[in-house]
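Okay, thanks for coming, everyone. Let me put this one up on the screen and walk you through it.

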Amino acid sequence: MRSMQIVDWGRPLELRRYDDPQPLGTEVLLAVDACGVCHSDLHLHDGYFDLGGGERLRVADRGIRLPFTLGHEVVGTVLALGPEAEGVRIGERRLVHPWIGCGACQVCRRGEELLCLTPRIVGTWRDGGYSDRVVVPHARYLIDYAGVPTNAAATLACSGLTAYGAVRKLGTLTAEDTVLLVGAGGVGLAGLHLARALTPARIVVADVDATKRARALDDGAAAVIDNAAEDALATLREVSGGGAAAAIDFVGRPGTARFAIDALRKGGTLIVVGLYGDRLLLPLPLLPLRMLTVRGSYVGTLQELKELVSVVRDRAVSMIPVRERPLEEANSVLDELRQGRVLGRVVLVP
Ligand SMILES: [Zn+2]
Ligand SMILES: [Zn+2]
């Protein structure tokens, strides 16, 4: 097994070689076919999330031990099954649902494994797909993605699912409503495609980067806005006829969240998805006076990932552009992502 591993928080990943793991119990061993590189990998690699005001949420405090293998957007081919594993056969190609809980507690049995207090997330809590091998605890987390190209399927596990989970929270919309999407990176573009497929609303995309705005326009945005421009809010109100019914902030910075809130019409909903960091200063009277809802959305459930695979396959939703890079180039890919130079998604191929 070859794995690109975190050996020290924030330091370059190192290539390490091990014997192939033996799947135990219900575990399934996969040969990794591709693994997406996600923005949240940067925070995990740094070892913390910035909570603003000098506060940090430390990854090490979760009990993650180094060396550790990142990678939660994994597609692979079944190589071996543990003695109690069933539901897949050797040689089958599967998408990994990485957002795994203990599988036994009340929320897990309800299918809400994201709410589990003892998570076993692949690439976050247990070794992930920056490797040529990955072990998944149970075959029920393996999804048949036939009909979706392999590299695109990988990106569904996080960027696609994050977009889908957020779009599902937009509520009931009409063709007269405007939805504002802030941030046209990988997840934002997936959000644009899904929102166009699943809601009748007009989709307006805001980004500070002209290339990303052009791409969003090509991909069907009704209008694009430079949210760094002084007249950004006025433009938004003009194109939306008074304000957006709902907004999704795919960036998650104080400036983007505040722009999105100010862009809402009365009764509007902001869904915060991005994990960029820092904190939002929000005048509290705005919430009751303008009857606003602010909520968070984090990836999605196993059921939602299955739905997403069907939506992409059956409704031919075009997904984000995906480029391949060799596994050993993980460090330069992370650097490019950190510098905002990745359009769409990169998958590592071992
Ligand atoms: Zn991710
Ligand atoms: Zn649980």
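When I say two residues touch, I mean that their C-beta atoms, placed from the backbone, lie within 7 Å. With that in hand, take A247: leaving out residues up to four places away in sequence, A247 touches L180, V182, A260, A263, L264, G268 and L270.

Quick housekeeping: this is a predicted model, where local features need pLDDT of at least 70, side-chain atom pairs count only at pLDDT 80 or more, and totals for chains, interfaces and linings use all residues. Numbering starts from 1 along each chain as its sequence is written, with chains lettered from A and ligands numbered from 1 in the order written.

Now the sheet. Helices (H or I, at least four residues) and strands (E, at least two) are DSSP runs, numbered from the N terminus, and strands pair if DSSP finds at least two bridges between them. An open sheet of 6 parallel-paired strands goes β13-β12-β11-β14-β15-β16. Its edges are β13 (223-225) and β16 (293-296), each pairing on one side only. Inside, 4 bridges link β11 (178-182) to β14 (244-249), running parallel, and V182 has D249 as its bridge partner in β14.

So which residues touch the most other members of the largest nonpolar core? V179, L180, L181, V205 and A247, out of 98 residues. Such a core is a set of buried Ala, Val, Leu, Ile, Met, Phe, Trp, Tyr and Cys residues joined through C-beta atoms within 7 Å; buried means 20 or more other C-beta atoms within 10 Å of a residue's own. Helix α3 (150-168) gives the largest share, 11 residues.

Last one: 44% of the 350 residues count as buried.

Definitions and conventions:
Buried ≥ 20, exposed ≤ 12 C-beta atoms within 10 Å, placed from the backbone.
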